[in-house]
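Please look over the sequence and the structure shown below. A briefing on helices, aromatic rings and the overall fold follows.

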Amino acid sequence: MKKSFVMIVLMALIASGCITRNFDSNMDLGKDQLHEENYLEAHEAFELAYKEAQTTKVKELRDISGFLANGMKKYDEQDFKSAQVEFKLASSYKAKSVEGKQLVLKGKDMISLLRSTSIELSEGSDLEGSSAEPTTDSQGRNEPQAQDKPAEPEEDKEESEVNTLSKLQAEKLVRDYVDMENFSHLQIKYTHKDNKGDFIFQVFESDQGSKGSGHRATWGWYGVNTETKEVYEVMKEK
């Protein structure tokens, strides 16, 4: 009887050790994927960890990474309305862990990016819908329309065709260039396009104790060439 009891205890200890190893390895994998901004892979790893141990931290990391993964998928599919729903869920999550709070900030960044994207799309739609209706003169002949006039300069046309790099992709290139995953106090903000059509971003040091967009100092200004995808440092903006 005593021998059987000892065996049961040993088996329980072995099993718990196995669970701990699985939990730890899945948590480490999930955090690594977060640093790479692979939110779907991170979500799957945290899901496995949650099955091993249902802690508050792993639950919030599983939930927020899932919202970001869904949002990124919808963004890539240009379903911006659905993407905004997912990013709002991420940005409004009451996270307590350091990793969770960083994911909440990412959700807020993506909402800001969606707003600027929506404005650009809206402006493009207005231009497309502004073509004039054909008119006729007193003799019933068609009068020359805007489309009969000289087309816009070829260089402008070429620029719009070449500029296929999205703002999200440009931001990712700057994040990698600055190595922001190793500097948790840094934040990034898109500011404008320069006269060459390149994306310009500001990277700044955030005040961890403040809320909103307050920050202490600019880390640097960076441009992204939309044709070559080259990231370069920009002189101080006026």
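**Helix α4**

In α4, the buried residues (under 20% relative accessible area, with over 50% exposed and partly exposed in between, for a 1.4 Å probe and protein chains only) are F80, A83, E86, F87, A90 and S91. Seen down the helix axis, these buried residues fall within an arc of 135° (taken from the directions from the axis to the C-beta atoms), so they line one face of α4. An α-helix has 3.6 residues a turn, so residues three or four places apart point the same way.

This is a predicted model, in which local features need pLDDT of at least 70 and side-chain atom pairs count only at pLDDT 80 or more, while totals for chains, interfaces and linings use all residues. Residues are numbered from 1 along each chain as its sequence is written, and side-chain values use heavy atoms, leaving out hydrogens and water.

**Length of α4**

- Helix α4 covers residues 80-91, and its 12 residues should span 16 Å at 1.5 Å a residue; the end C-alpha atoms are 16 Å apart, which agrees.
- The expected span of a helix is 1.5 Å times one less than its number of residues.

**Aromatic rings**

- The structure holds five aromatic pairs; rings of Phe, Tyr and Trp (its six-membered ring) pair if their centres lie within 6.5 Å, and planes under 30 degrees apart count as stacked, over 60 as edge-to-face and the rest as tilted.
- Y177 and Y222 form an edge-to-face pair, 5.8 Å centre to centre with 65° between the planes.
- Because Y177 is in helix α7 (residues 167-178) and Y222 is in strand β3 (residues 215-224), this pair ties together parts that are 45 residues apart in sequence.
- Y177 is partly exposed at 43% relative accessible area, whereas Y222 is buried at 6%.
- F183 and W219 form a tilted pair, with 5.4 Å between centres and 50° between planes.
- F183 lies in the loop between α7 and β1 (186-193) and W219 in strand β3, so this pair links parts 36 residues apart in sequence.
- F183 is partly exposed at 29% relative accessible area, and W219 is partly exposed at 37%.
- One aromatic cluster is formed by Y190, F199 and F201.

**Overall fold**

- The protein has seven helices and four strands; helices (H or I, at least four residues) and strands (E, at least two) are DSSP runs, numbered from the N terminus.
- Along the sequence, the pattern is α-α-α-α-α-α-α-β-β-β-β.
- Of the 238 residues of the protein, 32% count as buried.
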